[in-house]
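Here is a short briefing to read alongside the model. Please have your viewer ready, and we will go through it topic by topic.

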Amino acid sequence: MPDRLLWRGDTLAPETGRIALPGDVERELDRLVTALDRDPLPLLLLRPEDFALDASRAFMRDVKRSLDGGPGFAIIDRLPVERWSRDGLRAVWWLLASLVARPVAQKWDGTSIYEVTDLGKPPGNGVRPDVTNAEQNFHTDNSYNLVPPHYVGLLCVRTAMEGGVSGIVSFATAHEEMRRQHPDLLPRLYQPFYFDRQREHAPGDIMTTHHPMLESEDDRLIARLSRFQVTNGHALAGVALDAEGAAALEAFEAILNAPGMAARFAFQPGQMQLIDNRALGHKRTGFRDWPEAERKRLLIRLWLRDRGSRAYNG
């Protein structure tokens, strides 16, 4: 298991994974926003190779090195959200993320850029937890899909009135802690569970997937974790979760949430977070939002992968 991923939040240096947006990149992006505001293009048509983005391209290579050869995450500070148009901001985020990997569909209908905001509904089958204000468990995005994204990107546009603290955790570290504390339960996480597909599939298609939480690929740990989707998945499949599976999930969840395991931070407007979705879990605490619609917490999410097709099922 790569040593670079064996970190704990309480021993991680404060500057780890944090990357400042250079002035030459910001100026290059200012010119890009001005050009697109003058001559707009549909977001899905935007490709980095169609624009003069030399500084951005070099900068995002550094970001990708933090994902693939560093701690598995990068927090970039920051885009000037207060200065750019809404469409300009989304275009910049799309193009910067495209320099890491291809943006892909986040819903079965092809939605490829996704607003994470509270819609006022309780989480459940067909309602993703990310569009509620409820606290999340540590998870990997789209764990229940056939080909989940390799990277997950979040751009903060607005913060909540209270709460919504983000956390990221290393599965490699949690795996080794699980091996130490519960060696008898660890193998169960490498065996299949049923996952709720959240109704993101063709009409009449099967509503669950069936696969392990943890796998080994080229001597590297690959995680597909969501306790929430497993609970719903077993209910939908009509198959009770076995006692060993329930105990393994409970033990792993306790390790992920143990004091000091996760790195935690409060998003600020304009900050971008990119994580390796196979190596790290992420979550946020519950939050209380502003009453005014125009002030409500808003993040813009992208899913990135170069494997498979751009379609939701890959």
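How do the axes of H4 and helix H6 cross, and within what distance do they come? The axes of H4 and helix H6 (residues 243-256) come within 9 Å and cross at roughly 125°. Axes here are lines fitted to C-alpha atoms, for helices over the stretch in contact, and angles run from 0 to 180 degrees between N-to-C directions. Helices (H or I, at least four residues) and strands (E, at least two) are DSSP runs, numbered from the N terminus.

This is a predicted model, in which local features need pLDDT of at least 70 and side-chain atom pairs count only at pLDDT 80 or more, while totals for chains, interfaces and linings use all residues. Residues are numbered from 1 along each chain as its sequence is written, and side-chain values use heavy atoms, with hydrogens and water left out.

**H4 and H6**
- H4 and H6 are therefore oblique to each other (angles under 35 degrees count as roughly parallel, over 145 as roughly antiparallel, 65 to 115 as roughly perpendicular and the rest as oblique).
- On the H4 side, the contact (heavy atoms within 4.5 Å) includes Phe-171, Ala-174 and Met-178, and on the H6 side it includes Ala-248, Phe-252 and Leu-256.
- By class, this contact of H4 with H6 has eight nonpolar, two polar and one charged residues (Ala, Val, Leu, Ile, Met, Phe, Trp, Tyr, Cys and Pro count as nonpolar, Asp, Glu, Lys and Arg as charged, and the others, Gly among them, as polar).

**Leu-256**
- Leu-256 sits in helix H6 and counts as buried at 1% relative accessibility (buried means under 20% relative accessible area, exposed over 50%, partly exposed in between, with a 1.4 Å probe and protein chains only).
- Not counting residues up to four places away in sequence, Leu-256 touches Phe-138, Val-169, Phe-171, Ala-174, Leu-225 and Met-261.

**The sheet**
- Three strands form an open sheet in the order E12-E7-E14, with antiparallel pairing (two strands pair if DSSP finds at least two bridges between them).
- Strands E12 (263-265) and E14 (280-284) are at the edges with a single partner strand each, so one side of each has no neighbour in the sheet.
- Strand E7 (residues 166-170) is joined to E12 by three bridges, and Gly-167 stands opposite Arg-264 in E12.
- Helix H4 (residues 171-181) lies across E7 and E14, running at about 60° to E7.
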